[in-house]
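Please consult the sequence and the model shown below while reading.

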Amino acid sequence: MPVMEYIDAIRLAMKEEMQRDEDVFVLGEDVGRKGGVFTTTKGLMEQFGELRVLDTPLAESAIAGVAIGAAMYGMKPIAEMQYSDFMFPATNQIISEAAKIRYRSNNDWSCPVVIRAPIGGGIFGGLYHSQCTESVFFGTPGLKIVAPYSAYDAKGLLKAAVRDPDPVLFFEHKKCYKLVTGEVPDDDYIVPIGKANVLREGDDITVIGYSLPLHYVMEAAAELEQEEGIFAHVLDLRTLQPLDKDAIREAVKKTGKVLIVHEDNKTGGVGAEVSAIIAEELLYELDAPIMRLCGPDVPAMPINPPSEKFFMLNKEKAKEAMRNLAMY
Amino acid sequence: MTYSGSVGQTFKHHELGLSDSQVIEMYTMMQMARVFDERCMLLQRAGKINFHVSGIGQEAAQVGAAFALDREQDYFLPYYRDYGFVLSVGMTLRELMLSVFAKAEDPNSGGRQMPGHFGSKKLRIVTGSSPVTTQVPHAVGLALAAKMKKKPFVSFVTFGDGSSNQGDFHEGCNFAGVHNLPVIFMCENNRYAISTPFHKQSAGKISDRALGYGFPGVEVDGNDVLEVYRVVKEARERAMRGEGPTLIDALTYRISPHSTSDNDLAYRTKEEVDEHRSKDGILFFKQYLMDCGIWDEEQNQALLKQLREQLDDATSYGDKASFPAPEDTLLHVYADSEGQGGQ
C-alpha cells in the first residue's frame, strides 16, 4: 500500500473525485497555476484545465457564494479558503446560506458544496495564519464538519464530503500536511461522515479529540503504557458535526475517565459539547471529573517562538494531562 | 414617458417583437402583482397575517424583465419585493397566498420563511434569504455552471439600491466580469433602503459601477415596462453570445412603506410619494395600451374583476390551508433521515 503525506492524500482525493465525476471542480485563490500556497492542488490545473481548477479573485465571500450557486445547480464544487483565518468574510454565505438552503426551501433545493480550510498553528503563522475556526461553525445545524487526523482519513473523508448531498466544511490541519504520513490505499474508498474511530484500545483512561493533537496523544499513550503501565483508550471524532454520540458513549463507558483534547481554545470549543453530552447521559459512568486539554482562551496564537510553544499542545502536555487523569 | 401611435401604425411593442396579446399579458401580470400586494397590506392591517413587504411601484421593472428572459430555461434569483417577477415566471396567486399565511403547502418554503422569500426548483426560482445581496454570488455560480456545462441559460438576479452597497454585490460582479459569465444583474432602484435615501447610500450612479468590473452598465426608466424589457432582452442576447454580464439600474420608486412595520412618513413627505404615484408604471402602460387601441376601460374593469375573483379564491385557499405539523420543524436539516434536528 502506498505511503504518502497527509497533503498528498488530500490532493489524491480531489484528483480521484474529479476523474470520477466531471461536475466536481476546485475554486479558490491561487489554486490553479500555482497549485495552492501549500501545493494542495498542485498539478490539478494541468490535468483538468483552468475552468475546473479555477483561480478566483481574492474575495472569500464570492468564493463561497459562487460555489454555493454552482452547487444549487447540481455541480460539486470544492471551494478552498487559503487559511481558515480568512474564512470569516465568507461566514454569512456559509451560515446564512449553505447551512439553511435545504431547510428554508423545505427540501426543494440543496447545496452539496465542500469548503476546505487549513486550520491550526505551530508553523510560525502568528495570529492570522494559525487559528482553529471550527467552533465558529460548530453548532450551526445544516453544516457537516470534518477534521481528519491521518492521511488515510484525509483522503477518505474528503471523498465522502464531495459525495455528500449537504454542505461539508473540511478542516485540514496545516501542520499535518508534511508531518503526518501514512498508508493510503489507491483504490476508491471513503471514510463515512459521522463515524468516529478508535485509534487505540485501553482500560485506564479515555482520550477524545480530533486532528493534530491526537498525534501527541498517541505518542504520549505509547510512552505511558511502556513507562508507567497506563493504558489509554483514544477516540478520534473525525466528524465534529454531527458528532458520533454512540462512539463517545462507548469510549467513555470503557474507562470512566475522560480527557478531551483540541487545539481550538477551550471556551465554547467542540470539547464543551462533548463534555455536556457525557454529563447529560453518562454521569454515573464517570470515575473522575471530565478534563480538557485545549488551547488557551486568548484571541489567537502569537508568532514569537516562546508564545507559540506555550499555546500549542505537545506530547509532554498530553502526557501530563493523561497521567493526572489516570492518577485521579 | 410618452407613447405615440394610432391604429395601423407600428407600435413600440411590435418593434420589440412583442405581440398585442403578449403586452396585454404583461399588463395583466402587473395588475395581478398590484392587487395581490394591496390585498396583503389589508390582510396585515386586519390582523389576518403578521407581515407583508411590498413591491408597489416596481411592477413594471419586474414584469418587463421577466418577459425578456427565457422562462423555460433561465435561472432566477429575485429579491423580496419581486411579486410581479415571480408571478410572470409561473408562480400562482394561490402559491403566494400559501406563503403569506405560512402554510405547509407553500412551495417557497413550506411555511418556514417570511413572505417574499421566494423559491421553486420547478420554476428555477432559486431559494432566497433575508440577509441582502447574498443571492448575487449565487447567480454568478449558476452562470459559472452554465459556462462549464455549456448550457444555453442565463441567470438573472435582482436586488435593491441599498443592497448594491454590500460586499457580495461587488464581489459577485467582479467575479462574473473576470470569468465573462452569462448573468444579468438588475438593481430595482426604488430610491430608499428602508428610510435611507439614495443620496446617502451612494455618491455615484449604480450603472457606472459596471465600468470597474469590465462590462456594460445600463440605466433604464424602471417604470417603463417596455424599456426594461428591451434592455434585459439585449443583456440576455449579449450573455448568450458569450459577451458576459450586464448591470442594469432600473430607476423606480417604492410607493409603499418598506414593510407593514414601517411608518414611511417619518422620513419622507406625502407630497413626494404622491408625485411618484402619478408616475406609476401601471397607469402609463394602461394608457399606452389604450393609445394603441388594444385596450379599453371596459376590458380593464373586466380584468380587475377577474383578478379580484382569483385573489379571493387564493386568499381563502391560503387562509384555510393547514399549517405544518409542529414536529415538522425538525425535518430537512440534512438529506438523510438521521439528519433531523435534535433537541
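The points below describe cavities and a pocket, with their volumes and linings.

The model is predicted. A search of the whole structure finds four cavities of 30 Å³ or more.

**Largest cavity**
- The lining of the largest cavity is formed by 19 residues.
- Nearest the centre of the largest cavity lie P78(B), Y79(B), Y80(B), S129(B) and Q135(B).
- By class, nine of the lining residues are nonpolar and 10 are polar, while no charged residues take part.

**Second largest cavity**
- The lining of the second largest cavity divides into two nonpolar, five polar and two charged residues.

**Second largest pocket**
- The volume of the second largest pocket is about 320 Å³.
- Lining the second largest pocket are 19 residues, of which Y80(B), R81(B), V132(B), I194(B) and H258(B) are the closest to its centre.
- Nine nonpolar, eight polar and two charged residues make up the lining of the second largest pocket.

**A residue named in two linings**
- Y80(B) is among the residues nearest the centre of the largest cavity, and Y80(B) is also among those closest to the centre of the second largest pocket.

Terms used. Residues numbered from 1 in each chain as written. Chains lettered and ligands numbered in written order. Predicted model: local features only at pLDDT ≥ 70, side-chain atom pairs only at ≥ 80, totals over all residues. Heavy atoms only, no water. 1 Å grid on protein atoms, 1.4 Å probe; cavity = no way out; pocket = protein on both sides within 12 Å on 5 of 7 lines; lining within 4 Å. Points joined across faces, edges and corners; volume = space filled by probe spheres on them. Nonpolar A, V, L, I, M, F, W, Y, C, P; charged D, E, K, R; others polar.
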